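Please read the points with the structure in view.

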Amino acid sequence: MPRSDDDLIRNGTSGEAELDGEEESDYEFEDLSPQISRVVPDQSPKPNDAADKLLDDSAYAEVRAAVTPEDDLSLSINTPRMWTLSLLFAVVGSATNMFFSLRYPSVSITPVVALLLVHPLGLLWDGVFKRTDDPVETFVNGTLWSSQNSPHSNGWVRFRRWLGQGRWSEKEHCLVYIASNVAFGFAFATDIIVEQTMFYKQEATITYQILLVLSTQILGYAVAGMTRQFLVRPPAMIWPGLLVSTAMFTTLHKDENKPADGWLISRWRFFVIVFLGSFSFYFLPGLLFPALSYFNVVTWFAPDNVIIANLFGTSSGLGLFPMSFDWSQIAYIGSPLVTPFWAAMNVFSGLLIVMWLVAPILYYANVLYSSYMPILSASVFDNTGKAYDVTRILQSDFTFDAAAYQTYSPVFLPITYVLSYALQFASLTALLTHTCLWHGKDILQQTLDSFCSGPYSSQDFYQPSSARSTDALLGNSNRDASRKAGPASQRSSPYYDIHNRLCDRYPDVPASWYLATGLTMLIVGMFLVEYYDVHLPWYGLLLALGICIVLYLPIGIVMAIANQQISIYLICQLVSGALFPGRPIANMIFVTFGYITSTQALKFSSDLKLGHYMHIPPRSLFAVQMVATLTASLTQIAVLNWMLANIPNVCTPSALNGFTCPIARVHFNGSILWGVVGPSRFFGSDALYRHLIWAFPLGAIAPILIWLIARNTSLDSNWRKINLPILFGSLSWIPPATGLNFSVWALVCFVFNYLIKRRKSAWWGKYNMTLSAALDAGVAFGVGVVFFGFVYTGAMKGFSWWGTEVFKTGCDWRGCAWKEVGEGGKFGPERW
């Protein structure tokens, strides 16, 4: 059974080493060459073996299992090969994910795909440009320092050697992966551009787009860089989500292919086969037989029956029949193959209780007038049952028109939308309570540990434990031992682990670099909000960044320890809506600068920790992150503008091939709720949705009840696996996700991460993540080929048969309501 995050913390953050029964032996430094240092076991017994191991390997078993405690200084890093592949994947990945982000169902290329695909490209590069008789090269901090080029070499030979310098290694591989990780997530600011241009009909110039995207994407660097001392350097901040990647680097570069439950095929060959199969099969649900994707088979027998459409529909229904043959539907909320089974069961429990049980009861009881709307929709509605026309309550300068609002209609939410907001409110307070109860002591201790880890000097080279006084290791340092190992408070501290000492060989990035980056982007942001007509004053921008800065360190500590992210999205929406009512564009800008700066900073801190584990020179890492971010941002702006100009009916229900902009539509609805109408009109004393406020205290109290029961149970008790923040927060995907996306996702997770993992654990360990990456890549490539090769060109125009139309013929596709509003009639309160 996979361990919960609670078990991980108890086993990984106690401050004591888990030796896991390993042979107790001392480790000493062996100088293999002037350019390489490794930690190797010494067979001679010495006292205080366990204490020495604390310095020569990580104190945490999870890290020891996935990260090697050695550094090869001879490896090349800053090479044309690394930069070319980094830029290639940054452009292709960011463009692909930007393209798919406007589509439903969507699919995203994860950085794991880049991790697997770039490896053969790196080896191919070496095969093309390297020769056995090339001169010896010397690298310092990963950069070519000297090469014994013959003065008689011609220009082509010199150019070839320059391209082929060094060898493809795990460090170059790691940097390409980090560039992909930075670039692959589509910029949240592009959704603002979509909302402004397509929904609010406001012009957004290219200059405005570039300034908005760059400032919101890069500000997180300053926050991440200035918190390195607390989130990256301390060994207690293990960032468990990174350990799979570090293990993959080791596996690929060691070229291991051990049998797994009788399977001898290599990971790479397995990836190629699944990728080709996934790509080929996608032509069925994606082009020839789309009913296999929207597999609402139950509704085919009674297409106009509203109840059947509500319960079993896949477009506007709850998806009670979990079946789809389209991986983009199955993995819409994330790949089920990489989600722990215990977490998936929390998500499914929330779906079962809230969406499949509570939602139908409230809907058919017409609670909050919900029966006059579809049971599930990404739209909000007016009092005639039609999609809300926000332009009717906006003035010419895109601010709120109160008189027009009173004349038109209040905003009504489908019942699943109401429950989704309630769950998001509850998840915020539940996460704080859950974290305090289960991880409070660990967070406090590790925060103190972070403060104990003072600034690290790079003046002294790494010294092995055998070169130090045992008393210094145990904390009883004397002056002589301090001189040998560096400052006693740092070098003799158990918090100053092997990875810190190995990374200290490389010049660190000065804090001034991060401060200059943050100040520059702050100036850009201030200019943006003051020059352009977004209705957010400069002090609103500072407040958004202030919320991010104040909350970032506790959010980062929780993420680094428990791999759980606390979102400040709703906090930013509510604060902005309260302070700047009637300004939807201002609300979106405020949320972007507050929420996205925090999210980007978490991503950058995670990458810094990965570079720390892989012993990447920090300045090379900084350069790769910055260049990849700039490249991806400009690429996404170009792709977005092409799509908005060239895809017919984009961001409308009649858009070609599903390019309806579902995520932007949800954010647009949020800007209506909190930016135009405002929190006071939703949660005031007489407001229709005032009862949603109770989700905040209920979310705070519920984890206490679970904790009181679980704290006295065994470690493998199911009570300990109940995680209410996950149960509440995951359903925030609804809408635009539907019940089908969750139900079929949970079913696949059960098959692979429970049944197969238990019965064929070796197969699961070797192939499961590779299978996920191959399915994602195959479908993504298939969607691109289908759209550009057949749909966009008109090659399939007029192609129609039963398999392309059957799922569109009934109430599920039309979004029928249980109760109809008569001609000229209205529903809802008489006054609002």
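**Notes on the model**

1. The axes of helix 32 (residues 739–759) and helix 33 (residues 761–791) come within 6 Å and cross at roughly 140°. The crossing of helix 32 past helix 33 is right-handed. Please keep in mind throughout that this is a predicted model.

2. On the helix 32 side, the contact with helix 33 is made by Phe752, Asn753, Ile756, Lys757 and Arg759. Helix 33 contributes Ser761, Trp763, Trp764, Asn768 and Leu771. By residue type, this contact of helix 32 with helix 33 has five nonpolar, three polar and two charged members.

3. Helix 25 (residues 569–579) and helix 26 (residues 584–613) have axes that come within 9 Å and cross at roughly 140°. Helix 25 and helix 26 are therefore oblique to each other, and helix 25 passes helix 26 in a right-handed crossing.

4. Which residues make the contact between helix 25 and helix 26? From helix 25 they are Tyr569, Cys572, Gln573, Val575, Ser576 and Gly577. From helix 26 they are Ala586, Asn587, Phe590, Val591, Gly594 and Tyr595. The residues of this contact of helix 25 with helix 26 divide into seven nonpolar, five polar and no charged.

5. Is Ser245 buried or exposed? Its relative accessibility is 7%, and Ser245 counts as buried because the cut-off is under 20%.

6. Once neighbours within four places in sequence are set aside, Ser245 is in contact with Leu115 and Tyr177. Ser245 can also be placed relative to Leu610: the two are 365 residues apart in sequence, while their C-alpha atoms are 8.5 Å apart in space.

7. Finally, some totals for the protein chain. It has 35 helices and four strands. Of its 832 residues, 58% count as buried. Among contacts in the protein chain with a separation of 6 or more, 81% are accounted for by residues 24 or more positions apart.

8. The protein chain has an accessible surface of about 33300 Å². Carbon and sulfur atoms hold 62% of that surface.

Conventions
Residues numbered from 1 in each chain as written. Predicted model: local features only at pLDDT ≥ 70, side-chain atom pairs only at ≥ 80, totals over all residues. Heavy atoms only, no water. Axes fitted to C-alpha atoms, helices over the stretch in contact; angles between N-to-C directions. Helix = DSSP H or I, 4+ residues; strand = E, 2+ residues; numbered from the N terminus. Parallel < 35°, antiparallel > 145°, perpendicular 65-115°, else oblique. Left-handed = near helix turned anticlockwise from the far one by under 90°. Contact = heavy atoms within 4.5 Å. Nonpolar A, V, L, I, M, F, W, Y, C, P; charged D, E, K, R; others polar. Buried < 20%, exposed > 50% of the residue type's maximum accessible area, 1.4 Å probe, protein only. Areas by Shrake-Rupley, 256 points an atom, 1.4 Å probe, with all protein chains shown as cover.
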